[in-house]
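Here is a short briefing on selected local features of one protein chain. Please keep the sequence and the 3D view open while reading.

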Amino acid sequence: MMKHAWDNYKRYAWGLNELKPISKQGHSSNLFGNIQGATIVDALDTLYIMEMKEEFKEAKEWVEQNLDFNVNAEISVFEVNIRFVGGLLSAYYLSGEEIFRKKAVELGEKLLPAFNTPTGIPWALLNIKSGIGRNWPWASGGSSILAEFGTLHLEFIHLSHLSGNPVFAEKVMNIRKVLNRLDKPEGLYPNYLNPSSGQWGQHHVSIGGLGDSFYEYLLKAWLMSGKTDEEGRKMYYDAVQAIETHLIRKSSGGLTYIAEWKGGLLEHKMGHLTCFAGGMFALGADGAPNDKTGHHIELGAEIARTCHESYDRTSMKLGPEAFRFDGGVEAIATRQNEKYYILRPEVIETYMYMWRLTHDPKYRQWGWEAVEALEKYCRVDGGYSGIRDVYNNRQSHDDVQQSFFLSETLKYLYLLFSEDDLLPFEHWVFNTEAHPLPILDKEDGNKEETQK
């Protein structure tokens with residue numbers, strides 16, 4: 001599958017951000033401004049792990065010769081961080097090739113002006129030539145978004161580690177300071193925070209889009225620090241406690257789901273993005289306070305089952321973008337604009353974590369169902385495409401091969417069917433784009449402290 005995705009990208013869209021597999025041409029998302037090569041950078045570590053040596057070599061040569069950050073364009077700080085910085089860091093740690101370290105640090109430096117706000121909470125959008133930032137016009141009252149400013153931590157800690165420059169780590173530690181000073185409604189973190197006033201915007205809370213990876217990075221920051229980042233640990237387990245109390249519900253049919261919270265009212269909807277949380281709960285089970293390890297594993301298993309049901313209840317056996325638990329429906333998308341599947345990885349990601357942490361064979365079986373569905377409905381002549389309606393057997397493709405399909409979906413599938421000693425959890429944590437970053441020994445953490 002990786003070979004089919006990569007070969008077609010190379011044939012029809014080489015050097016561009018993504019591939020349109022039906023029209024067989026390049027696709028450029030405005031998330032990356034004028035930076036090019038998203039699929040190449042996102043796929044580097046997958047190629048390396050799958051031992052696709054020739055392909056890795058040509059990808060590395062493209063990075064050396066063509067990856068250029070001196071562009072006059074506005075980029076998404078979050079997307080460029082998780083895909084480009086994350087992809088370059090992992091490629092460096094896996095291969096030891098200096099070019100990747102150099103490019104990662106160079107890009108990290110270009111992102112620093114995003115933090116030039118009154119609070120140090122970064123802007124969502126940044127012109128990397130002028131250094132001028134702003135927020136998404138649709139975000140509540142000019143706010144920055146929790147999942148965006150909360151998903152820089154792992155990469156920026158590694159940028160300080162690799163460059164010897166403490167500024168990266170200082171920027172993300174300051175975000176924690178701001179968050180810790182604020183009152184949390186019911187112990188929950190709203191999705192919107194104004195970078196000028198340092199106050200919350202609308203009190204919307206989600207473990208799906210706009211919130212998701214903030215929680216993931218609290219847990220992973222603690223794991224990545226060799227379990228020395230006590231603040232990250234406490235913030236994570238406190239947040240999970242509030243999520244359990246206020247957002248996790250069970251449907252009448254016995255499916256556990258995570259609802260969205262809107263100023264105290266629950267919307268009984270769960271997004272595909274939220275399905276990552278099964279893997280997160282399981283990964284965090286080992287460190288859970290007061291004998292809650294089994295409970296967190298169980299929670300992970302229940303979320304995995306619900307998300308599998310969201311796949312199983314479609315005609316294509318691929319999950320919709322969002323599914324609901326109200327008006328007599330369970331784990332089904334009821335709105336046309338939520339019935340699409342864009343090659344997302346979160347459900348497969350949770351299967352991979354659940355497999356590694358429990359070795360229950362059903363997770364491999366569920367992963368294989370997804371493989372068969374991807375092959376049947378998403379594979380086309382020119383690569384892999386997303387689907388507009390997973391409930392309709394008449395295929396309608398969206399004509400985009402997302403870079404995260406190569407970075408995440410195929411990597412997590414490969415790891416689900418590999419031995420546990422390939423990227424073992426005791427040595428690696430995955431960033432939210434599935435880029436593996438090494439756990440820093442306790443000594444490394446202390447080195448950083450003394451540098452400050």
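Predicted model: local features only at pLDDT ≥ 70, side-chain atom pairs only at ≥ 80, totals over all residues.

Helices α7 and α9 pack against each other. Thr432, listed in a UniProt record, touches Ser213 and Tyr217 among others. Helix α2 is mostly covered.

**Helix pair α7 and α9**

- Two packed helices are described by the angle between their axes and the distance between the axes.
- Helix α7 covers residues 153-163, and helix α9 covers residues 212-224.
- The angle between them is about 30°, and their axes lie 9 Å apart.
- Angles under 35 degrees count as roughly parallel, so α7 and α9 are roughly parallel to each other.
- On the α7 side, the contact is made by His153, Leu154, Glu155, Ile157 and His158.
- On the α9 side, Tyr217, Lys220, Ala221 and Met224 take part.
- By class, this contact has 5 nonpolar, 2 polar and 2 charged residues.

**Sheet β8-β11-β12**

- Strands of a sheet pair through backbone hydrogen bonds, either parallel or antiparallel.
- Here 3 strands form an open sheet in the order β8-β11-β12, with antiparallel pairing.
- The edges are β8 (204-205) and β12 (265-267).
- Each edge strand has a single partner, so one side of each is left without a neighbour in the sheet.
- β8 pairs with β11 (residues 260-262) over 2 bridges.
- Val205 stands opposite Trp261 in β11.

- Which position does UniProt list for "binding site"? The unreviewed entry gives Thr432.
- Thr432 sits in the loop between β17 (428-430) and β18 (436-438).
- Its relative accessibility is 17%, so Thr432 counts as buried; the cut-off for buried is under 20%.
- Leaving aside neighbours within four places in sequence, Thr432 contacts Phe78, Ile82, Thr151, Ser213, Glu216, Tyr217 and Glu408.
- One of these partners, Tyr217, also belongs to the α9 side of the contact with α7.
- Ser213 has 2% relative accessibility and counts as buried.
- Beyond four places in sequence, Ser213 contacts Phe78, Ala147, Gly150, Thr151 and Thr432.
- Phe78 and Thr151 are therefore contacts of Thr432 as well as of Ser213.

**Ile35 and helix α2**

- Ile35 lies in the loop between β2 (25-27) and α2 (38-49).
- Is Ile35 buried or exposed? Ile35 is buried, with a relative accessible area of 0%.
- Not counting residues up to four places away in sequence, Ile35 touches Asn17, Leu67, Asp68, Phe69, Val71, Ile75, Val80, Phe84 and Ile128.
- Ile35 and Arg344 are 309 residues apart along the chain, and their C-alpha atoms are separated by 22 Å.
- In α2, 11 of the 12 residues are buried.
- Among them are Ala38, Ile40, Val41, Leu44, Leu47 and Ile49.
- The buried residues of α2 also include Asp42 and Asp45.
- Glu51 follows α2 and has a positive phi, near 60°.

**Ile342**

- Ile342 is placed in the loop between β14 (322-324) and α13 (346-358).
- With a relative accessible area of 14%, Ile342 is buried.
- Leaving aside neighbours within four places in sequence, Ile342 contacts Gly386, Asp398, Gln402 and Phe404.

**Positive phi in loops**

- Most residues other than glycine have a negative phi, and most peptide bonds are trans.
- Leu210 has a positive phi, near 80°.
- Leu210 lies in the loop between β8 and α9.
- At 28% relative accessibility, Leu210 counts as partly exposed.
- Leu423 has a positive phi of about 50° although it is not a glycine.
- Leu423 lies in the loop between α15 (403-416) and β17.
- Where Leu210 is partly exposed, Leu423 is buried, with a relative accessible area of 6%.

Methods: Residues numbered from 1 in each chain as written. Heavy atoms only, no water. Axes fitted to C-alpha atoms, helices over the stretch in contact; angles between N-to-C directions. Helix = DSSP H or I, 4+ residues; strand = E, 2+ residues; numbered from the N terminus. Parallel < 35°, antiparallel > 145°, perpendicular 65-115°, else oblique. Contact = heavy atoms within 4.5 Å. Nonpolar A, V, L, I, M, F, W, Y, C, P; charged D, E, K, R; others polar. Pairing = 2+ DSSP bridges. UniProt positions renumbered as here; feature names shortened; annotations may be inferred. Buried < 20%, exposed > 50% of the residue type's maximum accessible area, 1.4 Å probe, protein only.
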